[in-house]
Amino acid sequence: MGEVFAGRYELVDPIGRGGVGAVWRVWDHRRRRYVAAKVLQQRDAHTLLRFVREQALRIDHPYVLAPASWAADDDKVLFTMDLVGGGSLAHLIGDYGPLPPRYVCTLLDQLLSGLAAVHAEGVVHRDIKPANILLEATGTGRPHVRLSDFGIALTKGEPRLTEANYVMGTPGYFAPEQMMGEEPDFPADLFAVGLVALYLLSGHKPDADALIKLFEQGVPNAPTGVPEPLWQVIANLLQPDPEDRFRTATGARKALLAATEMLPEPGIDDEMIEVFDHLGPLPEGFGPEGPFRTIRRAGADTKADTKADTDTGTGTGTGTGTGTGTAHAHNGPTPQPPGPQGPITPPPSEPPLFLSGSGSTPVPSGTSWVPFL
Amino acid sequence: MDAAQQDATARARELQRSWYGEPLGALFRRLIDDLGLNQARLAAVLGLSAPMLSQLMSGQRAKIGNPAVVQRVQALQELSSQAADGRVSAAEAAERMEEIKKSAGGSVLNTTQTTASTGAPTVRRVVREIQSLLRSVSAAGDIIDAADTLAPTHPELAEFLRVYGAGRTAEAVAHYEAHQN
């Protein structure tokens, strides 16, 4: 049994790491489903907490992965999100190198669509880069982007809390005006989308500084492998002066759609791109229906009080958990051997609780393993 | 596996033989043996996802799509032959592998890259010392296991083990610098 956070979220296994915290697969005992959870130290969590309180309920979009709820325990804060299993655009490039232009257009169209929804709520993402653009594990089907990691996102026009916000972000995906410390604005995100586009088409991280210098002498020629109509759109996104760039994600999206129509049809020799399920099988003790639990033979579940119904945050229920479903389809059978002991007590009907407050509890003696459902 | 799939797999292996000198299953297994890796670690050094590595090894997929990965495969082949006949030590091989991992665009996988590597040779040396000490005590896989065990109760310690025991040098340098004050 894993550690239970805030009496509700049972940590299953680590599935990734961000700049400041770990991302875990967790079982939500209340909603009875697996979700992803980012665990942050309280001191790193302010921006996200504010984001969740103010925005998460409203930014509910198929191409956005925003934290849906939060819970606090001791000095840590946990943010939950849909479980998305297909890795990030960085993984996709690692596996396939440069991607076909039409495929890139699909990814960019979804990214811009999600970004338009974010901007519509007045939020500047500020950290758009391949590692923050996740994918549903769609296999060889149409890819499905989820723009994630709102760890340093800001509402436009709001005063910034700390000086540190100035230097946050990822070197290499900064817009020039962002580097000069100007107020965060939507076109800075669009510049980063331009860099992501080049990265997807070339297979390696573009040199933003060199690009900015090149643009001083006017729009450079299309790099090798970038079709001219598509380059027109990307070059506009990459204009060093934000005044010369698209003003909105929707505007960029329209231009991209027009350019896509002028691209050649995909060749039959194009490599088949498959977005793998990167989540491993569930570890021992967990099945598709949740963890297998131990119950005491006597006096079991005395702790199952109403705490389970205490709301731990805002915005729960955003999203539909599509990622969860896909991930599970590939998890295969998880062995669930009940213990060798005799008759197994069926779990009581009330919601079971693991209130462990301080780390993982050893399995008490005189218990038997029973499937969670 | 039905006959059509078997045919496809055989054809993929044949293609791999003509492109890479031998089927990738055999090639990768030799790298794993000679360099003391496991599949997860080999995937990390090559910059491939674990499912992709597995598809290439089993012949479900013939071609390595990313040219940067092909270059890393070649570099690792050279290193593994040197390791096999004792021309490089295990510690040197580990260090070389870190470099190969970062070569030719490998940095795109870094989540939070720092630009602090310039003008910090001493920090780098200290970090390398810590890395090689940790790795001389235990294999990277075991360190990751230990870190996973610690993670729920001691996340900072787990992070330390992961970064120095199994992460990139750049990541370790960033960690070191973040904790200097």
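This is a predicted model: local features need pLDDT of at least 70, side-chain atom pairs count only at pLDDT 80 or more; totals for chains, interfaces and linings use all residues.

User: Let's do sheets. What's the strand order in the open sheet with 6 strands?
Analyst: In chain A the order runs β1-β2-β3-β4-β6-β5, with antiparallel pairing. β1 (4-5) and β5 of chain A are at the edges with a single partner strand each, so one side of each has no neighbour in the sheet.

User: How many bridges join β1(A) to β2?
Analyst: There are 2 bridges between β1(A) and strand β2 (residues 9-17) of chain A, which run antiparallel. A:Val4 has A:Glu10 as its bridge partner in β2(A).

User: What about β6 of chain A, what does it pair with?
Analyst: Strand β4 (residues 33-41) of chain A pairs with β6(A) over 6 bridges, in the antiparallel sense. For A:Ala37, the bridge partner in β6(A) is A:Thr80. Strand β5 (residues 69-73) of chain A also pairs with β6(A) in the antiparallel sense, over 5 bridges.

User: Anything on the turn in the β5(A) and β6(A) hairpin?
Analyst: The hairpin has 2 residues between the strands, and A:Asp74 takes a positive phi near 50 degrees.

User: Why is β6 of chain A called largely enclosed?
Analyst: Strand β6 (residues 76-81) of chain A has 5 of its 6 residues buried, so the rest of the structure largely encloses it.

User: Switching to helices. Which residues of α7(A) are buried?
Analyst: They are A:Leu230, A:Trp231, A:Val233, A:Ile234, A:Ala235 and A:Leu237. The cover over the buried residues of α7(A) includes α3 (101-120), α5 (186-202) and α8 of chain A.

User: Which residues touch the most other members of the largest nonpolar core?
Analyst: That core has 136 residues, and the ones touching the most other members are A:Leu111, A:Val193, A:Ala197, A:Leu200, A:Ile234 and A:Leu237. α5(A) gives the most to this core, with 13 residues.

User: What does A:Leu200 touch?
Analyst: Not counting residues up to four places away in sequence, A:Leu200 touches A:Leu89, A:Ile93, A:Leu99, A:Val104 and A:Leu107.

User: And how do α3(A) and α8(A) cross?
Analyst: Their axes come within 9 Å and cross at roughly 160 degrees. That makes α3(A) roughly antiparallel to α8(A), and the crossing is left-handed. Residues making the contact include A:Leu108, A:Leu112 and A:Leu115 of α3(A) and A:Ala252, A:Leu256 and A:Leu257 of α8(A).

User: Last one: where does A:Leu238 lie?
Analyst: A:Leu238 is in the loop between α7 (228-237) and α8 (249-261) of chain A.

User: Buried or exposed?
Analyst: A:Leu238 is buried, because 28 other C-beta atoms lie within 10 Å, and the cut-off for buried is 20 or more. Beyond its neighbours within four places in sequence, A:Leu238 is in contact with A:Phe191, A:Gly194, A:Leu211 and A:Phe215. A:Leu238 and A:Leu195 are 43 residues apart in sequence, yet 7.2 Å apart in space, C-alpha to C-alpha.

Key
Residues are numbered from 1 along each chain as its sequence is written. Chains are lettered from A and ligands numbered from 1 in the order in which they are written. Helices (H or I, at least four residues) and strands (E, at least two) are DSSP runs, numbered from the N terminus. A residue is buried if 20 or more other C-beta atoms lie within 10 Å of its own, exposed if 12 or fewer, and partly exposed in between; C-beta atoms are placed from the backbone. Two residues are in contact if their C-beta atoms, placed from the backbone, lie within 7 Å. Two strands pair if DSSP finds at least two bridges between them. A nonpolar core is a set of buried Ala, Val, Leu, Ile, Met, Phe, Trp, Tyr and Cys residues joined through C-beta atoms within 7 Å. Axes are lines fitted to C-alpha atoms, for helices over the stretch in contact, and angles run from 0 to 180 degrees between N-to-C directions. Angles under 35 degrees count as roughly parallel, over 145 as roughly antiparallel, 65 to 115 as roughly perpendicular and the rest as oblique. A crossing is left-handed if the near helix is turned anticlockwise from the far one by less than a right angle, and right-handed if clockwise.
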